[in-house]
Amino acid sequence: MRTSDITAPSPSPTRSSLERLLPSARATACRRVAALALAAAFAVGGPVGAADHLTLELKGADGAVVGHATLTALPDGGVHLDAQLDGIAPGTHGFHIHETGSCDASTGFKSAGGHLAGDRKHGFLVEGGPHPGDMPNIHVPASGSLRVEVVNTRVALGTDGDGALLDADGAALLIHAGADDYTSQSAGDAGERIACAEIRTES
Ligand SMILES: [Cu+2]
Ligand SMILES: [Zn+2]
């Protein structure tokens, strides 16, 4: 987010209350999932291009928000993903990064395309795999709520190169109805796409 988005002078009568709220919101946004919605609101209209920090909103097929995630670029390459999910069906679900930053529920999230694949095969158990976008399954308990952290060293919050999440059409974080078997081509036979978040620096 740009500093100017936060501190630009405004004649609005709410300015003073915003100034009281913002410093603490900015300080905790990197650490607390609870603050992500606020951070995302101020990221709208932010710069286009490589980023070191990005917040995402996951939506279900009915458009309801089912989680938030933050992506942080790591100093030696790769991305740390920290997601808080709420309202996902209990069970084991495939959890991937797909190649296009488009979450159109009317297409069953097919608009997100296939896995971010590079020239690799799908699956941790396959020679020549995995795809950069492959990640371990998530296991949602009966409550439907789960916090999950993943380090993916095969992707980057960059704009070009293999694994770049912020190329021209972005990328998408996807949750599937079933488990990824880590073997089947080309997507682990994980079934329907039940939740999706666009990964891009533009809103
Ligand atoms: Cu997938
Ligand atoms: Zn894959």
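Let me begin with the ground rules: what we have is a predicted model, in which local features need pLDDT of at least 70 and side-chain atom pairs count only at pLDDT 80 or more, whereas totals for chains, interfaces and linings use all residues. Residues are numbered from 1 along each chain as its sequence is written, and chains are lettered from A and ligands numbered from 1 in the order in which they are written.

As to the overall content, the protein has three helices and eight strands, where helices (H or I, at least four residues) and strands (E, at least two) are DSSP runs numbered from the N terminus. Along the sequence the pattern is α-α-α-β-β-β-β-β-β-β-β. Of the 203 residues, 35% count as buried; a residue is called buried if 20 or more other C-beta atoms lie within 10 Å of its own, exposed if 12 or fewer, and partly exposed in between, with C-beta atoms placed from the backbone. If we take contacts between residues at least 6 apart in sequence, 57% of them join residues at least 24 apart, a contact being a pair of residues whose C-beta atoms, placed from the backbone, lie within 7 Å.

Now to the sheet. The eight strands form an open sheet in the order β5-β4-β7-β8-β1-β2-β3-β6, with antiparallel pairing, and two strands are said to pair if DSSP finds at least two bridges between them. Which strands stand at the edges? They are β5 and β6, the latter covering 145-152, and each has a single partner strand, so one side of each is left without a neighbour in the sheet. From one strand to the next the twist averages 20 degrees, on the convention that axes are lines fitted to C-alpha atoms, for helices over the stretch in contact, and that angles run from 0 to 180 degrees between N-to-C directions.

Let me walk along part of that order. Strand β1, residues 53-60, pairs with strand β2, residues 65-73, in the antiparallel sense over seven bridges, and in this pairing E57 stands opposite H68 of β2. Four residues lie between the strands of this hairpin, and G63 takes a positive phi near 90 degrees. Strand β2 in turn pairs with β3, residues 79-86, again antiparallel and over seven bridges, with L85 in β3 as the bridge partner of G67. The hairpin of β2 and β3 has five residues between its strands, and G77 in the turn has a positive phi of about 105 degrees. Finally, β3 and β6 run antiparallel and are joined by eight bridges, V151 in β6 being the bridge partner of H80.

Turning to the interior, I would note that in soluble globular proteins nonpolar side chains tend to be buried together. A nonpolar core here is a set of buried Ala, Val, Leu, Ile, Met, Phe, Trp, Tyr and Cys residues joined through C-beta atoms within 7 Å. The largest such core has 37 residues, of which L58, A172, L173, C196, A197 and I199 touch the most other members. At least two residues of this core come from each of β1, β2, β3, β4, β5, β7 (171-176) and β8 (193-199). The contacts of A172, leaving aside neighbours within four places in sequence, include H98, G101, C103, A112, C196 and I199.

That brings me to G101, which is found in the loop between β4 (91-98) and β5 (134-140). Is G101 buried or exposed? G101 is buried, because 24 other C-beta atoms lie within 10 Å. Beyond its neighbours within four places in sequence, its contacts include D169, A172, E198 and R200, and its C-alpha atom is separated by 8.1 Å from that of S111, 10 residues apart along the chain.

I will end with the backbone. Most residues other than glycine have a negative phi, and most peptide bonds are trans. In the loop between β4 and β5 lies P130, and the peptide bond from G129 to P130 is cis, with omega near -5 degrees. The loop between β7 and β8 holds S186, and here the bond from Q185 to S186 is cis, with omega near 5 degrees. That loop is also the place of Y182, which has a positive phi of about 65 degrees although it is not a glycine, and which is partly exposed, with 19 other C-beta atoms within 10 Å. D189 lies in the loop between β7 and β8 as well; its phi is near 55 degrees, a positive value in a residue other than glycine, and D189 is partly exposed, with 17 other C-beta atoms within 10 Å.

Note on methods. Two residues are in contact if their C-beta atoms, placed from the backbone, lie within 7 Å.
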